[in-house]
Structures are given as structure tokens and as C-alpha cells.
Amino acid sequence: MRILLVNKYFYRKGGAETYFFALAEGLKALGHEVAFFSMRHPNNEPSYWSKYFVSEKDYVGKISAFQQAKEAATLVYSFESKRQFEALLEEFKPDVIHMNNVHRQLTLSIVDAPYLKKHHVPVVYTAHDYILLCPAYTMVDGHGKVCDRCLDRRFLHAVENTCVKGSKVKSGLAFLEAEFLKRHHSYDKIDKIIAPSEFMKSKLDEGGYAGRTVAMQNFLTESQMAMARKVMNTGKFDTVEPYFLFFGRLSREKGILTLVEAFLQAVGLRPLSGGAVPQSGTEGGWTIPANWKLHIVGDGPERATIENLVRQAGPEAESRIKLLGYKTGEDLQREVGNARFSVLCSEWRENMPYSGLESLAAQTPVIGANIGGIPEFVVEGKTGFRFESGNTEALAGTLMKSASVMSEEYQSMQVACAEYVERHCQQEDYVERLIKSYRELLD
């Protein structure tokens with residue numbers, strides 16, 4: 001089968017690109033032919049198909065106001081993308097189109113390519129965020145609150161609540177994009193929508209896409225599994241000083257500020273609101289032992305705020321909270337493998353984050369916020385512990401409960417992590433199921 005994979009970035013930028021390249025690897029491993037459509041960029045992987053890639057678009061970088069205005073004209077509909085896509089289709093002649101992140105840089109103009117209508121090529125779309133439902137992508141309003149308003153498909157809510165980066169102008173542009181795609185029936189040209197979590201599928205169904213959605217949890221590649229086996233440390237309970245690990249973008253919606261405050265409370269460097277004691281599952285309001293630390297890997301807009309919080313908390317906080325900067329590859333995975341617990345403290349409806357699956361593969365249990373798709377792989381007391389998203393006291397209590405886990409219980413959790421990955425995260429199983437979906441569409 002010939003499959004054309006589409007994604008606006010052709011380098012490993014985030015979770016969507018992790019999935020995109022992993023999917024290509026899995027399809028090729030089963031003997032299928034794969035071509036690519038994307039945007040040109042200096043960081044791109046090499047590809048024969050790059051001759052069809054569209055020119056680079058930058059809507060947020062340091063470019064002139066004139067250039068921003070010029071490029072914003074193609075934000076909703078790109079005739080260049082449609083033209084280049086048509087040329088690629090004529091050469092590759094795909095059996096299936098599989099789109100990933102395409103909005104803004106590529107746009108849904110590509111589904112208007114004449115070749116698709118003439119040859120009835122089915123279109124599949126993997127939803128990596130909530131753009132089909134929410135102009136701001138995240139289903140979080142301008143006040144930082146989880147929001148379902150736009151499920152009624154009245155996208156003016158995004159302007160009324162200043163949902164995009166606190167800007168009326170940016171919210172207005174997002175509204176215009178969503179309204180155009182609705183009136184142009186762009187999403188009606190997608191035959192199958194893959195949701196990486198049952199939660200996302202439920203929201204897509206609620207938002208008007210029922211009948212076209214299927215839940216398929218993200219998978220891990222053979223290379224990711226091999227790396228996990230290399231870095232896992234089944235004896236870390238006795239050999240490594242214990243630490244909680246956050247790795248990812250240091251941004252407010254990821255809950256990183258809540259985590260720092262919760263850790264400071266759990267180690268006794270911040271008072272609990274109202275003098276309350278977090279529910280740690282132990283006697284009294286004890287604190288986490290002095291050898292426990294918090295490692296923060298990554299970078300982002302909240303880094304300076306975190307540094308200020310730590311500095312204000314004093315020398316002990318500075319010795320126990322380590323900002324380790326951006327890491328990749330084996331350096332990052334070693335951090336994951338040696339961590340006692342990794343923490344997913346998101347305050348938006350996180351879908352099916354690879355950071356969580358990679359933690360389980362390395363037999364590192366996860367402390368996860370009870371939001372979005374996270375509860376689907378954080379099984380309470382087995383693969384980790386859950387807490388109420390955005391609740392500092394609840395997270396502090398969960399950190400304390402996690403720090404009290406003894407060796408035998410922890411080893412059982414490691415076994416549960418390995419069993420979960422074996423059952424749910426196999427690349428070949430995912431790709432075979434996907435191919436079956438492709439064939440059903442072709443039939």
C-alpha cells in the first residue's frame with residue numbers, strides 16, 4: 001500500500017512529530033511505501049519528497065510586521081500548499097492520505113486537491129490536539145480554565161474569552177480560521193479521525209464528529225523500547241538518590257508552577273493554605289525526607305518564574321530543586337530511567353503524552369493529573385498515582401504518598417508499568433490495526 005503522510009514539521013519538534021516519524025518507521029517495517037508532505041525548514045530530515053514541500057511560514061517568530069501580514073494571508077488557505085500537494089499526488093499516486101498537524105503552515109487547502117476527488121483517495125487525520133473543536137487548540141479559555149464552550153460550534157466564544165494568548169487580535173484570527181473551515185466544510189472531507197485517547201474521542205463525538213472517530217492509543221517504536229530497556233534501573237530503589245522528574249515544556253498549562261509549589265509544600269518550605277495538611281496516607285503532616293529532590297528538564301516561558309520561586313524559598317529549596325535545562329536522547333532517558341517517579345501535572349486536557357508512555361517503558365511510575373487522557377495509563381496504585389489537576393495541596397499529598405512507597409510495593413509498580421506497555425504500546429499491533437482501518441476505507 002502507498003501511504004502519504006502529512007505533517008507541517010519534518011523534524012522532531014514535539015509529540016506529533018514523534019508519532020509522525022514513528023508511524024513512517026512502522027509502515028515501512030511492514031513493507032508499505034511511504035511518501036511525505038511538509039514545510040521546508042533548516043532542521044528538516046532529508047527526504048526525496050522535499051522537492052514538493054511548501055515554503056517556510058512563521059507566524060510568531062521575529063519577522064517584520066509586513067512579513068507577518070503577508071504570511072497571515074495564507075494562515076487559513078494556502079494555494080501554494082494545494083498546488084504542491086497536487087503535484088506530489090500526481091507522482092506518488094497514494095492509496096491513502098494520513099494527515100497530522102496541518103493547520104496554519106500547510107492548511108486544510110490540501111484536501112481540495114483535484115486528484116483526491118478524481119481518484120476517491122480516503123483521508124485519515126490523527127488529532128494531536130483539540131483544533132477541530134477549539135480555535136485555541138487546548139480547550140482552555142483566556143482565564144486558564146478548562147472550557148467546553150465551542151463544542152456548540154459557535155467559535156466566537158474564543159474572541160469573547162480572549163482564548164489565544166490573551167490577545168483579542170490573535171483570538172480573532174483563530175476565530176476566522178475556525179469559521180472559514182466550518183463554512184468551507186473542510187473537515188467533512190476527512191473520512192476517519194484517530195483520537196489517541198478515549199477521552200479525546202468522547203470530546204470529538206460530542207463536538208459533532210461521531211461516526212468518524214476511533215480511539216487508538218499512541219505506541220512506542222522498537223527504538224524507543226530498546227532505549228527504555230537500556231536506561232531502566234530495576235535496582236534504583238537502593239542505588240539512586242530518589243527524585244521526582246518533570247520533563248517537557250516549562251509552560252503554565254503544563255502545570256509546572258503548581259508542581260514547584262506542591263514540592264515546596266511537601267518538603268515543608270511552604271505553608272499549606274488555611275493550615276491544612278495534605279492527605280499523604282500517613283500519620284500527621286510529615287514532610288518528604290531530606291534526600292528527595294525534584295529534577296526539572298526542559299525549557300520554556302515559565303523558567304524565570306520557577307527560578308524566582310526557588311530563590312525566594314531559600315537555600316534548601318535551591319539544593320533540592322534542580323533545573324537541568326533541555327536534554328534529549330540518552331541523556332534525557334537516563335533521567336527518566338533513574339527517577340523514582342515522573343510527574344505529569346498538566347492543567348489542560350493532555351491527550352496521550354509520550355513522556356508518560358516513555359516513563360512506563362523505563363519502568364518509572366507516573367504521578368499524573370486526573371485530566372484528559374492521562375488517567376487512561378496512570379492506573380492508581382499500579383502504574384502510578386493520580387491527583388486533581390491544578391490542586392496544589394492534592395499534588396503535595398500525592399508526592400508525600402509516593403515518597404512513602406516501600407521497596408516491595410515499588411517493584412510491583414515497576415512490573416505493572418512493564419505489563420501495561422507490553423499490552424498497549426506495541427508498534428506492530430498499532431500499525432496492523434491502522435492498516436486494517438485503511439483497507440476498510442478503501443473497500
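**Close-up 1. Thr392, a residue of helix H15.** In this predicted model, Thr392 sits in helix H15. Is Thr392 buried or exposed? Its relative accessible area is 17%, so Thr392 counts as buried. Skip the neighbours within four places in sequence, and the residues in contact with Thr392 are Thr258, Glu261, Ala262 and Gln265.

Close-up 2. As for handedness, H10 passes H15 in a right-handed crossing. Sorted by class, the contact of H10 with H15 has 8 nonpolar, 3 polar and 2 charged residues.

**Close-up 3. Ala403, also in helix H15.** Ala403 is buried, with a relative accessible area of 13%. Which residues does Ala403 touch, once those up to four places away in sequence are set aside? They are Phe244, Trp286, Ile288, Pro289 and Trp292. For a sense of scale, take Ala403 and Leu357: they are 46 residues apart in sequence, and their C-alpha atoms are 21 Å apart in space.

**Close-up 4. The largest nonpolar core, with 130 residues.** In soluble globular proteins, nonpolar side chains tend to be buried together. In this model, the residues with the most contacts inside the largest core are Leu4, Val6, Phe85, Ile97, Met99, Phe244 and Leu399. Helix H10 gives the most to this core, with 8 residues. Now zoom in on Leu4. Leaving out its neighbours within four places in sequence, Leu4 is in contact with a list of residues that includes Ala35, Phe36, Phe37 and Phe85. Also among them are Leu88, Leu89, Phe92, Pro94, Val96, Ile97 and His98. There is a second core too, separate and made of 9 residues, including Leu245, Val297, Ala339 and Ala362.

**Close-up 5. Helix H1 crosses helix H17.** H1 covers residues 15-29 and H17 covers residues 427-442. How do these two helices lie, going by the crossing angle of their axes? The axes come within 10 Å and cross at roughly 80°, which means H1 is roughly perpendicular to H17. From H1, the contact is made by Tyr19, Ala22, Leu23, Glu25, Gly26 and Leu27. From H17, the partners are Gln427, Tyr430, Val431, Leu434, Ile435 and Tyr438. By class, this contact of H1 with H17 has 9 nonpolar, 2 polar and 1 charged residues.

**Close-up 6. Lys93 and Arg153, two loop residues with positive phi.** Lys93 is not a glycine, yet its phi is positive, at about 55°. You'll find Lys93 in the loop between helix H3 (79-92) and strand E3 (96-99). With 40% relative accessibility, Lys93 counts as partly exposed. Arg153 is another residue other than glycine with a positive phi, this one near 65°. Look for Arg153 in the loop between strand E4 (123-126) and helix H5 (157-160). Its relative accessible area is 27%, so Arg153 is partly exposed.

How values were computed: Residues are numbered from 1 along each chain as its sequence is written. This is a predicted model: local features need pLDDT of at least 70, side-chain atom pairs count only at pLDDT 80 or more; totals for chains, interfaces and linings use all residues. Side-chain values use heavy atoms; hydrogens and water are left out. A crossing is left-handed if the near helix is turned anticlockwise from the far one by less than a right angle, and right-handed if clockwise. Helices (H or I, at least four residues) and strands (E, at least two) are DSSP runs, numbered from the N terminus. Ala, Val, Leu, Ile, Met, Phe, Trp, Tyr, Cys and Pro count as nonpolar, Asp, Glu, Lys and Arg as charged, and the others, Gly among them, as polar. A nonpolar core is a set of buried Ala, Val, Leu, Ile, Met, Phe, Trp, Tyr and Cys residues joined through side-chain atoms within 4.5 Å. Buried means under 20% relative accessible area, exposed over 50%, partly exposed in between (1.4 Å probe, protein chains only). Contact means heavy atoms within 4.5 Å. Axes are lines fitted to C-alpha atoms, for helices over the stretch in contact, and angles run from 0 to 180 degrees between N-to-C directions. Angles under 35 degrees count as roughly parallel, over 145 as roughly antiparallel, 65 to 115 as roughly perpendicular and the rest as oblique.
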